[in-house]
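Good morning, everyone. Please have a look at the sequence and the model before I start.

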Amino acid sequence: MPELNLHDLLSQHRQLMVGGKGGVGKTTVASALALAAANLGRRTLLVSTDPAHSLADAFDREIGNREQALAVNLTALEVDPEQEVDEHLQRVRAQMARFARPEQRSAMEHQLKLSRQAPGAQEAALLERLTTIMEEARERFDLVVFDTAPTGHTLRLLSLPEVMAAWSEGLLRQHRRSEQLGKVLSHLTPGRDLDSPVNTPEEHQLAGLDDRTRDLAAPLIERQRRFQKARRLLSDPEHSAFLFVLTPERLPILETGRAVHSLKEAGIPVAGAVVNRVLPDGAEGAFFQARREREQRMMQELAQRLDPLPRRQVPLFVDDIQGLPALEAFASRLLSR
């Protein structure tokens, strides 16, 4: 199999997204890689977007939704998706309140409550926060490592920009249907082309709109512009890379194969995969022999499904990986040549 060079990956990129099926050791790998990058002298920000938030468990200390220094050159934070949705809808509420008449306020509040549970609402709020992190981190950090949510959630997040215009249009239509609003929507979705999220969007012109509709359109246009910019950064193989973590078992293998295909179709560069918890050579006994034989069959299937994706194998450790010393040892094994 082609060998995954994690040292070069950490040295040459600005963003690394670590994803995979839940329970495969994704957070441990992301934490160890961030720590390794910090030890290489790179100012590193480790960001968890997983609602389960295992970063605190991995480092054996509280982290939360504010930046915390964990080691030299290493800072971390855990983004709270629920909090991001609440703050996002509060911003929407404040913006729409400027344009809603008193008799429309009740309907607006009802729509916002429905929006909180709407498909994509959490992803929209989360992507807005991640976009801000990406922009601000460029000034203060050399590398941002994202410990992402389980695969399906992450794929929905990365595909969001291409449906963002439709989401905005649907929300706006609930609040006001007018000729002026039609002008706003036509500016938001020029040509109604939602199939090219990676391409540079056309310059949206606000000419011809009155002050009221201009003020309504401007923040939505800016939001879409920032989403498109984030998507372009994630699609740039010189800037960003996606790394999958999986174990040599059938379900993680199948899910990873599908996810790699989806990301490649979306133009997101996939750097490789870390195969975690591989049985060490010294394991003995009938049980371990049977597990090893099954594992070897799974490794053959993995090679077929992920070829020619570069990979790195990491053995099963005797104990849990928790705390800085354990993460240091894991990172050393992960990057060993």
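First, the ground rules. This is a predicted model, where local features need pLDDT of at least 70, side-chain atom pairs count only at pLDDT 80 or more, and totals for chains, interfaces and linings use all residues. Residues are numbered from 1 along each chain as its sequence is written, and side-chain values use heavy atoms, with hydrogens and water left out.

Now the whole chain. The chain has 13 helices and eight strands. Helices (H or I, at least four residues) and strands (E, at least two) are DSSP runs, numbered from the N terminus. There are 337 residues, and 50% of them are buried. Buried means under 20% relative accessible area, exposed over 50%, partly exposed in between, with a 1.4 Å probe and protein chains only.

What about contacts? A contact means heavy atoms within 4.5 Å. Take contacts between residues at least 6 apart in sequence: 77% of these join residues at least 24 apart.

Next, the cores. A nonpolar core is a set of buried Ala, Val, Leu, Ile, Met, Phe, Trp, Tyr and Cys residues joined through side-chain atoms within 4.5 Å. The largest one has 37 residues, and Leu16, Leu33, Leu46, Phe59 and Leu334 touch the most other members. Which element gives the most to this core? Helix α2 does, with nine residues. A second, separate core has 32 residues, including Leu45, Leu77, Phe242 and Leu246. Back to Leu33: leaving out residues up to four places away in sequence, its partners include Leu6, Leu10, Leu243 and Leu335. In soluble globular proteins, nonpolar side chains tend to be buried together.

Now two single residues. Ala34 sits in helix α2, residues 26-39. Is Ala34 buried or exposed? Ala34 is buried, because its relative accessible area is 0%. Beyond its neighbours within four places in sequence, Ala34 contacts Thr44, Leu46, Leu74 and Val145. Ala34 and Val144 are 110 residues apart in sequence, yet their C-alpha atoms are 8.1 Å apart.

Leu127 is in helix α6, residues 121-140. Leu127 counts as buried because its relative accessibility is 4%. Its C-alpha is 8.7 Å from that of Ala230, which is 103 residues away along the chain.

On a 1 Å grid over the protein atoms alone, a cavity is a set of points where a 1.4 Å probe fits but cannot get out; a pocket is an open set with protein on both sides within 12 Å along at least five of seven lines; lining residues have an atom within 4 Å of a point. Grid points are joined across faces, edges and corners, and a volume is the space filled by probe spheres set on the points.

There is one cavity of 30 Å³ or more. The largest cavity has a volume of about 60 Å³. Its lining includes Arg14, Met134, Phe141 and His239. Helix α6 gives the largest share of that lining, three residues.

The second largest pocket holds about 430 Å³. It is lined by 24 residues, and Gly25, Thr28, Asn276, Arg277 and Ile321 lie nearest its centre. Here α2 gives the most, with three residues.
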